[in-house]
Structures are given as structure tokens and as C-alpha cells.
Amino acid sequence: MSQSPTTTRIIGIASGKGGVGKTTVAVNLALALSRQNLRVGLLDADLGLANSQILLGVNAPLNVSHVFEGSKSVTDVAVETSHGLLLIPGASGNQSLANITSVQATSLIDQVLQSYPELDVLLIDSAAGLSSANMSFLDTCDLRLLVMQDEPASIADVYGLIKLESRKDRLKNLYLLPNRVTSAANGKALFDKMNLVCMKFLEQPVSYLASILQDELLSKVTRKRETVIEHYPTSPAAKNFLNLAHALLSELGESSATATRQEPQQEQV
Ligand SMILES: Nc1ncnc2c1ncn2[C@@H]1O[C@H](COP(=O)(O)OP(=O)(O)O)[C@@H](O)[C@H]1O
Ligand SMILES: [Mg+2]
């Protein structure tokens with residue numbers, strides 16, 4: 001139970017269903033945040049289908065599977081990317097790792113925080129679904145972004161995740177992030193619809209920062225080993241992620257102030 005005295009803010013990127021854009025969001029948000037002169041780490045915690053390194057065009061010989069096996073430390077497997085990010089690569093196609101315990105998940109985060117105390121932000125690109133390891137990664141986060149799309153399976157699966165978090169009374173730092181939307185207004189409307197359902201059935205609201213537009217450039221750049229933030233900074237996708245980074249940072253500043261302000265009140269209950 002080591003609690004490191006760290007100032008690193010941990011942001012989790014999660015979803016109920018796979019393929020909705022978690023890795024796309026995690027990688028581009030990491031790049032957008034590092035543009036704000038922040039020291040950013042990206043932990044690829046998708047232990048079955050890791051692909052942050054592919055989006056970043058990074059060759060990663062080692063990954064977290066070697067840390068879990070005990071043969072390597074976090075510093076052995078971490079890679080400094082040419083974009084200025086610290087990437088802790090995930091493992092692909094390793095079925096046993098997809099089922100690591102909550103203790104292993106929490107201990108990995110501890111190791112990252114202790115090895116890199118200078119990190120301002122640690123982004124966690126998590127796997128889809130509700131496994132206990134996944135939920136443990138999310139429990140360590142100061143703020144969680146739930147990526148979703150406007151389609152029935154994604155809506156149903158994200159609601160499942162919200163419901164699980166609501167039982168832990170953790171909806172306060174849970175933000176829905178509609179992805180691949182056709183307009184900002186449609187993204188906000190999707191959030192409003194979800195929020196109404198949460199208010200009605202869970203009696204708690206979820207939060208909103210921004211939406212990400214559908215932009216074909218996002219898959220095109222990966223094939224060319226480029227990123228929208230670096231190579232197409234004025235594209236709709238790049239602007240979306242830069243705005244999201246701004247919104248997130250002001251929210252983090254705000255939420256730490258709120259947490260400090262609320263402390264005495266909570267003790268009276
Ligand atoms: N906003 C977007 N616009 C266009 N394509 C997107 C967008 N977000 C994600 N994609 C595409 O969707 C696919 C799945 O995205 P990915 O980030 O790998 O999802 P996940 O990590 O949730 O499995 C990828 O081909 C990616 O390029
Ligand atoms: Mg992914």
C-alpha cells in the first residue's frame with residue numbers, strides 16, 4: 001500500500017465497448033497536453049490489444065508484460081518518444097495479461113509514479129470492458145474520460161460502466177467524451193441524452209468537456225507515421241484535441257480547488 005507523494009495527475013481513457021477511439025483519444029490528448037509544456041506519460045494499459053505505439057510510430061522492444069513477469073522494471077520498458085512523450089508500452093495478444101489482478105494493476109501505477117515523479121500528467125489508455133484490472137486502473141485516476149459513439153452498442157456499454165462507477169459513488173470525476181460526431185452540437189446532444197438517463201436512473205449527473213469530430217485524417221496520418229497534432233495542427237481533429245487539453249487542464253485546476261474547499265464539510269457528515 002505505498003502511497004507516493006506525487007503531484008502527477010492521472011487521467012484515464014476508458015470505454016464500455018472496443019473500437020470507439022480510446023487509443024486515438026489517449027495518443028492525441030497526450031500530444032496536445034505536451035504542447036502545453038507539460039511532462040506527459042502515456043501508459044498503454046490495454047494488455048490484450050495494445051496499439052498506442054503504432055499510433056505514435058514507436059518501436060517498443062519491451063512492454064509491461066515484462067514488468068508483470070518480473071524480468072524488467074518500468075524504466076527498462078519505457079520509451080522516450082520523438083514527440084517528447086514518455087510511453088510505457090502495452091502488450092499485444094497476451095491473453096494472460098488481459099486478466100491481471102487489481103493488485104498488479106495498482107502496483108504498476110505505483111511503479112510508474114515512483115519511477116517518474118516529474119510527470120505532470122499520466123494518461124492511461126485502458127482496455128474496453130469491465131474487468132477488475134480495468135476497473136482498478138480507473139480507480140487510480142483523478143479524472144476519467146469515457147469515450148463513446150452515437151450508436152446503440154456503445155451507448156449501452158458505456159451506461160454499464162457508468163452504472164458500475166455510480167455504485168462506488170465515483171461519478172464526480174467521470175466525463176463522457178462523444179467521439180466521431182458529425183458536429184459539436186450533435187456531440188453535446190448525445191451527452192445531454194446520456195446525462196438525462198443517469199439523472200433519472202442513477203440520480204447522479206455525469207460531466208462533459210468536449211466532443212471529437214469524425215475526421216478521416218486520423219486514420220490517414222497513422223498510415224503515414226504522422227500525427228494530426230504535429231503535422232496538421234489546424235485540422236478539425238487537431239483543434240478538437242488541443243481544445244480538449246485546455247478544457248481538461250482548467251477542470252483539473254478547478255477540481256483540486258473544489259476538493260480542498262469541500263474537505264471540512266465532508267467531515268461534518
Ligand atoms: N474521431 C475519429 N474520426 C475518424 N476515425 C476515428 C476517430 N476516432 C477513432 N477513429 C478510428 O476508429 C478506429 C478505432 O479507434 P481506436 O482508437 O483504435 O479505438 P479503441 O482504442 O477504443 O479500440 C481507428 O481506425 C481510428 O482511426
Ligand atoms: Mg485501443
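The shell around ligand 1 is made up of four nonpolar, seven polar and three charged residues. Here Ala, Val, Leu, Ile, Met, Phe, Trp, Tyr, Cys and Pro count as nonpolar, Asp, Glu, Lys and Arg as charged, and the others, Gly among them, as polar.

Before going further, a word on conventions. This is a predicted model, in which local features need pLDDT of at least 70 and side-chain atom pairs count only at pLDDT 80 or more, while totals for chains, interfaces and linings use all residues. Residues are numbered from 1 along each chain as its sequence is written, chains are lettered from A and ligands numbered from 1 in the order in which they are written, and side-chain values use heavy atoms, with hydrogens and water left out.

Let me return to the ligand. Of the 14 residues around ligand 1, those that come nearest are Gly19, Lys22, Thr23, Thr24 and Asn179; a residue is near if one of its heavy atoms lies within 4 Å. Helix H1 (22-34) and helix H9 (217-223) each supply at least two residues of this shell, and H1 gives the most, with three. Helices (H or I, at least four residues) and strands (E, at least two) are DSSP runs, numbered from the N terminus.

Which atoms of the protein approach the oxygen atoms of ligand 1? A polar side-chain atom of Lys22 lies 2.8 Å from one oxygen atom of the ligand. Polar backbone atoms also take part: that of Gly19 is 2.9 Å from a ligand oxygen atom, and that of Gly21 is 3.0 Å from a ligand oxygen atom. Taken alone, ligand 1 exposes 570 Å², and the protein buries 81% of that. These areas come from the Shrake-Rupley method with a 1.4 Å probe.

Lys22 leads us to Ser15, which is found in the loop between strand S1 (9-14) and H1. The side chains of Ser15 and Lys22 are joined by a polar contact of 3.1 Å. A polar contact is a pair of N or O atoms within 3.5 Å; within protein, one must be able to donate a hydrogen and the other to accept it, and residues adjacent in sequence count only if both atoms are side-chain atoms. Is Ser15 buried or exposed? Ser15 counts as buried because its relative accessibility is 0%, the limits being under 20% for buried, over 50% for exposed and partly exposed in between (1.4 Å probe, protein chains only).

Asn63 lies in the loop between helix H2 (52-55) and helix H3 (64-69). Asn63 is buried, at 13% relative accessible area, and a polar contact of 2.6 Å joins its side chain to that of Ser65.

The largest nonpolar core has 43 residues, of which Ile11, Ile13, Leu29, Leu123, Leu145 and Leu244 touch the most other members. A second, separate core of 25 residues includes Ile10, Val64, Leu108 and Ile124. Such a core is a set of buried Ala, Val, Leu, Ile, Met, Phe, Trp, Tyr and Cys residues joined through side-chain atoms within 4.5 Å.

Finally, Leu249 is found in helix H11 (residues 236-268). With a relative accessible area of 26%, Leu249 is partly exposed. Beyond four places in sequence, Leu249 touches Leu33, Gln36 and Leu38, contact meaning heavy atoms within 4.5 Å.
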